[in-house]
Amino acid sequence: MKKTQILKYLILLVCVPAAVLLGALVFDDRKYIFVSACVAVLSCVPFFMSFEGKKTSTKRLVLLAVMVAFSVAGRYIFAFLPHFKPVTAIVVITGIYLGSEIGFLCGALSALISGFIFGLGPWTPFQMFAWGLIGLLSALLSAILKKNKIALCTFGALSGVLYSLLLDVVSTLWYDGAFNLSRYLALFVTALPVTAVYAVSNVIFLFLLAKPMGEKLERIKIKYGL
Amino acid sequence: MNKNGIAFSRFHPVSLFCYFLLLLLFTVFTQNPVLLTLALLGALLFNAATNTARQTLADIKFYVPMFLLVALVNPLFSHSGATPLFFMNDNPVTLEAVLCGVNIAVQLCAVMLACKAFSKVMESDKLLALFGKVSPKLAVVLSMALRFIPLLKRKWGEISEAQKALGYFREESVFSRLASYARVFSALVTWALENAVDTSASMSARGYELAGKKHFSLFRFTRGDGIMLALTVALSAVTLAGFLLGKADFAFYPRVSTVNTDIFSIITYAAFGILSLLPFIFEVKEVLKWKYLRSKI
């Protein structure tokens, strides 16, 4: 327990700055993409490590696996509608009802398993980071999101837009090596329809699923004492 | 241990992971057109050799437009470079930007095809064996999730059949269909959560919570895997030496630099070329062996 704590701080305080420095010193024209990839991976590691080091009840473990399976299976069920996927909604619901750690892991692992099935790529670490962050944020805001449906839907729409914005930054860094604003805006505009579909699908899925799924999760928590 | 029929995927997950990691790192962090072309060639040949005709067609439909788009779009956004070709909206379109765009397109396709090769070679059991070494708990979650996905799909089918038989599943209008889907989904969630708790009870009963458990892995590290790993590391070391000596340096701005052709540069290119072509070489070797053995029957 103590050891993982130390390692966690070591990663955040030593490895991340070291990656930034190394990137700036060694990789002249590719430094931004190197640094951002390293930071994306390294910021997922403490979550994985504290999960590994801690004693988690087997029930929570299996519930996490089921929620990950739901978000990936949703991609199959809605395969006929491109970009219209319940992944973000399920991650948000998991974050709200099962806490920040499970929320983050559900997002990150959903991205990873989607990668296993639909193909891993350079975008996978960033997807893991983005969805993990969405799960974490929804856990932090759970008090508001549980009660207020308008806040929940707004959060869903915003997370769709933020997800798209973040991955556009990655593409820009990838093409140019540095942040080129005009390229970023062009990418953002061309991706606008997809972003809109993300946002709308998040709102629809959250509107339909949040309450019934939440009730079922609460019921399981009470029934089996989680 | 070799379900997909790809010769290269017979190696141990650790060797394969190191191979792809090093290959991708070199490909991402160079701008040298020779190295990038070699990377693209290796990934392209391997994918072509292991694809079915239909997959190849789908790949051509996806990658060729992407290549052209990336290559053509770069000069519109990047106006550095010393040789203007013509002006568009008062912005120069430079020769350097055009060449750099082509180079980026080669790099992008090389990385994406290498990732595709990685996905082909590393099936989920290999990835789980890797994760299991580092983090047994995460590996358990991942393998359970991978098992739940087909289970959920099957259960979805079963529940909707049952609902249809009961006359609850209506598809007259969009709304009735949506309501039917929602009912099936609700039943599925209830079942999945209860099933998860049952599974966890069963795991506890079998001693999952006891200390000292390890991740089960079928993969054995053999001498061949060791040789493959050593080969990868040796080729990478030569390539890295070339990188550090500046043999792979290449810049597009302000002027396109010339490709180094001294003896050590050529050694660097050769080492990286072999590294990049390794999967394809194994594939060819396997086909030749098969042909030879058949010819003796």
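## Conventions and model

Helices are DSSP runs of H or I with at least four residues and strands are DSSP runs of E with at least two, both numbered from the N terminus. This is a predicted model, in which local features need pLDDT of at least 70 and side-chain atom pairs count only at pLDDT 80 or more, while totals for chains, interfaces and linings use all residues. Residues are numbered from 1 along each chain as its sequence is written, chains are lettered from A and ligands numbered from 1 in the order in which they are written, and side-chain values use heavy atoms, with hydrogens and water left out.

## Chain A

Chain A holds ten helices and zero strands, and its elements, read from the N terminus, run α-α-α-α-α-α-α-α-α-α. Of its 226 residues, 52% are buried, where buried stands for under 20% relative accessible area, exposed for over 50% and partly exposed for what lies in between, with a 1.4 Å probe and protein chains only.

Among the contacts in chain A with a separation of 6 or more, 70% come from residues 24 or more positions apart; a contact here requires heavy atoms within 4.5 Å. The accessible surface of chain A is about 9,800 Å², and carbon and sulfur atoms account for 75% of that surface. Accessible areas follow the Shrake-Rupley method with a 1.4 Å probe, and for residues only the protein chains shown count as cover.

## The interface of chain B and chain A

The contact draws on 49 residues of chain B and 51 residues of chain A. About 4,700 Å² is buried between the two chains, with carbon and sulfur atoms giving 78% of that area; buried area is the accessible area (1.4 Å probe) that two parts lose on being put together, summed over both.

Two salt bridges are found across this interface, a salt bridge being a side-chain nitrogen of Lys or Arg within 4 Å of a carboxyl oxygen of Asp or Glu. In one salt bridge, the side chain of E194(B) meets that of K223(A) at 3.0 Å, N to O. On the side of chain B that touches chain A, at least two residues each are supplied by α3, α4, α5 (124-134), α6 (136-166) and α7 (174-205) of chain B.

## Salt bridges within the chains

Side chains of opposite charge can pair when their charged atoms come close. Over all chains the count comes to eleven salt bridges. One of them joins R10(B) to E286(B), with the closest N and O atoms 2.7 Å apart. This pair links distant parts of the chain, 276 residues apart, since R10(B) lies in the segment before α1 (13-28) of chain B and E286(B) in helix α9 (residues 263-295) of chain B. R10(B) counts as partly exposed at 46% relative accessibility, and E286(B) counts as partly exposed at 24%.

E123(B) and K126(B) also form a salt bridge, at 2.7 Å from N to O, and both of these residues are buried. A further salt bridge brings together the side chains of D262(B) and K247(B) at 3.1 Å, N to O. Both D262(B) and K247(B) lie in the loop between α8 and α9 of chain B, so the pair ties together parts that are 15 residues apart in sequence. D262(B) is partly exposed at 31% relative accessibility, and K247(B) is partly exposed at 21%. Elsewhere, K146(A), E218(A) and K221(A) are joined into one network by salt bridges that share partners.

## G242(B) and its surroundings

G242(B) sits in helix α8 (residues 223-244) of chain B and counts as buried because its relative accessibility is 0%. Leaving aside residues up to four places away in sequence, G242(B) touches K247(B), A248(B), F264(B) and T268(B). Between G242(B) and R294(B) there are 52 residues of sequence separation and 43 Å in space, C-alpha to C-alpha.

## A nonpolar surface patch

L76(B), L85(B), F86(B), M88(B), L95(B), L99(B) and V256(B) make a nonpolar surface patch of about 570 Å². Patches are made of residues with over 30% relative accessible area and no salt bridge, with like charges joined within 9 Å and nonpolar side chains (Val, Leu, Ile, Met, Phe, Trp, Tyr) within 5 Å. The largest share of this patch, three residues, comes from β1(B). L76(B), found in helix α3 (residues 53-77) of chain B, is partly exposed, with a relative accessible area of 43%.
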